[in-house]
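Here are a few exercises to work through with the structure open beside you. Try each task yourself before you read the solution.

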Amino acid sequence: MLSSAVSSSLLILHKPFARVIRFPIPKLPLSPNPRPLSSLSPAASALTPNAVGAGGRAGALSPAPITEDLQKIDVNPPKGTRDFPPEDMRLRNWLFYHFREVSRLFGFEEVDFPVLESEALYIRKAGEEIRDQLYCFEDRGNRRVALRPELTPSLARLVIQKGKSLSLPVKWFAVGQCWRYERMTRGRRREHYQWNMDIIGVHEVSAEAELISSIVTFFKRLGITASDVGFKVSSRKVLQEVLRHYSIPEALFGKVCIIIDKIEKIPVDDIKNELKSAGVSEEAIEQLLQVLSIKSLTKLEEILGDAGEAVADLKQLFSLAEKFGYSEWIQFDASIVRGLAYYTGIVFEGFDRGGKLRAICGGGRYDRLLSTFGGDDIPACGFGFGDAVIVELLKEKGLLPELSLQVENIVCALDPGLQGAAATVATILRGKGQSVDLVLENKPLKWVFKRAARINANRLILVGDSEWQRASQSQHIH
């Protein structure tokens, strides 16, 4: 029995909207002058496609020209970028949920950085592809800035900023948007979201082993198996040992790695010519290419011996993979070096065993990155995992989930004069943590039933005049 404060009741139709239940509600006063929403700040000026087309650089920002004639705009997003209508946003949120949940399971804390960073953060190493792919420009304060093409340099900057206040080891993850002006292919766009996990302050290969374990855990959650995806693993130290044997200067190491990273993208003769132009002797080039063709850790040990760090690190990683339970996911491939100059040790790439897609993810050890920004070096490793290729893989395997809109309640007033009562019902339910779609206009029942089905509502609540009148007369409802 409800008190006399109750002044109306409702018809509640449960899915499939056949059963009718009376639901009493108190009549709450509604403010005749609701507080207006605050206005949003004006959006920042966008980069024009022409400004970044030539080498990825743009001039200073300037106000858009004012024209008398209104012209129809291109309703498509800029080339290489995406809109996220509700159905795509549901998929993105689902994917990001798994990124974050796996990170939580491994004890990582979330961080984020500005999308706009200093250009100097990304151009400290010559020869990297990333230099020519920057969306960069001079802002109105005459500062060179860039939309971030990756997350790791921002992470390094933050670690240096925190300094000795950080308690090592640090386990951080981020999910952020990145921008690169590059040729688009399947799974490659000019903007994408990237999941990064990084471990700062651990020398041992156990850090890389845990990072790979986290990615395997992610794959398993999505239904992807070791027969679908694998990891190619190597070490930058393999190349170092070969180059050291032929007295190649240490200063050339980063440049050689960038060239070798193209080994599956351009003809071998072009690789040889680039290496020769970089100052590597023909004998060293032949030996280098021979080593890079090795797919067996045992064979690598025969050539390099077991005394070097490269073989020791790799053997330890494969041993740990057995303990973590993902040994069937990984394989040795000496040609994997990764294209960024800052890697120093173990490197790895996740790949589609069907061979239809580009690398799914990649990472490795970067023990000397902080010193390139003026900080003290700290051992570190991490990976980047984009959102585009994994969606293509899920489509390929038929693993994309069906993510329809789901609302618990739809509330509708059957008479315009009861719109206030319907709003009261919605407020009460929302206060209890339930989602409510309130019908804001006077609509026919046929439309309401169709909408309830479209949004997968569990309950349809109708605020009717007769129930209102009976409740007002009786003041008590059972």
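**Exercise 1.** Decide from its relative accessible area whether Tyr135 is buried or exposed in this predicted model.

*Solution.* Start with the number: Tyr135 has a relative accessible area of 8%. The cut-off for buried is under 20%. So Tyr135 is buried. Now try Trp179: its relative accessibility is 17%, so Trp179 counts as buried too.

**Exercise 2.** Work out what kind of ring pair Tyr135 and Trp179 make, and which parts of the chain the pair ties together.

*Solution.* First, look at the geometry: the ring centres are 5.9 Å apart and the planes stand at 80°. Planes over 60 degrees apart count as edge-to-face, so that's the label for Tyr135 and Trp179. Next, find the two residues in the chain. Tyr135 sits in strand 5 (residues 135-138), while Trp179 belongs to strand 7 (residues 170-179). The pair therefore ties together parts that are 44 residues apart in sequence.

**Exercise 3.** Describe helix 4: its span, and how much of it is buried.

*Solution.* Helix 4 has 16 residues and reaches 23 Å from its first C-alpha to its last, close to the expected 22 Å. Then count the covered residues: twelve of the 16 are buried, so helix 4 is largely enclosed by the rest of the structure. Among them are Leu211, Ile212, Ile215 and Val216. Just past the end of helix 4, check Gly223, which takes a positive phi of about 90°.

**Exercise 4.** Find which rings have the charged ends of Arg190 and Lys232 over them.

*Solution.* Arg190 lies over the face of Tyr181, 4.1 Å from the ring centre. For Lys232, the ring is that of Phe351, with the charged end 4.9 Å from its centre.

**Exercise 5.** Name the residues in the nonpolar surface patch that includes Leu445.

*Solution.* The patch is formed by Leu414, Leu445 and Phe449, with about 220 Å² of accessible area together. Leu445 itself is in helix 13 (residues 445-454), and its relative accessible area of 38% makes it partly exposed.

Conventions:
Residues are numbered from 1 along each chain as its sequence is written. This is a predicted model: local features need pLDDT of at least 70, side-chain atom pairs count only at pLDDT 80 or more; totals for chains, interfaces and linings use all residues. Side-chain values use heavy atoms; hydrogens and water are left out. Patches are made of residues with over 30% relative accessible area and no salt bridge: like charges are joined within 9 Å, nonpolar side chains (Val, Leu, Ile, Met, Phe, Trp, Tyr) within 5 Å. Accessible areas come from the Shrake-Rupley method with a 1.4 Å probe; for residues, only the protein chains shown count as cover. A salt bridge is a side-chain nitrogen of Lys or Arg within 4 Å of a carboxyl oxygen of Asp or Glu. Helices (H or I, at least four residues) and strands (E, at least two) are DSSP runs, numbered from the N terminus. Buried means under 20% relative accessible area, exposed over 50%, partly exposed in between (1.4 Å probe, protein chains only). Rings of Phe, Tyr and Trp (its six-membered ring) pair if their centres lie within 6.5 Å; planes under 30 degrees apart count as stacked, over 60 as edge-to-face and the rest as tilted. A charge sits over a ring if NZ of Lys or CZ of Arg is within 6 Å of the ring centre and within 35 degrees of the ring normal. The expected span of a helix is 1.5 Å times one less than its number of residues.
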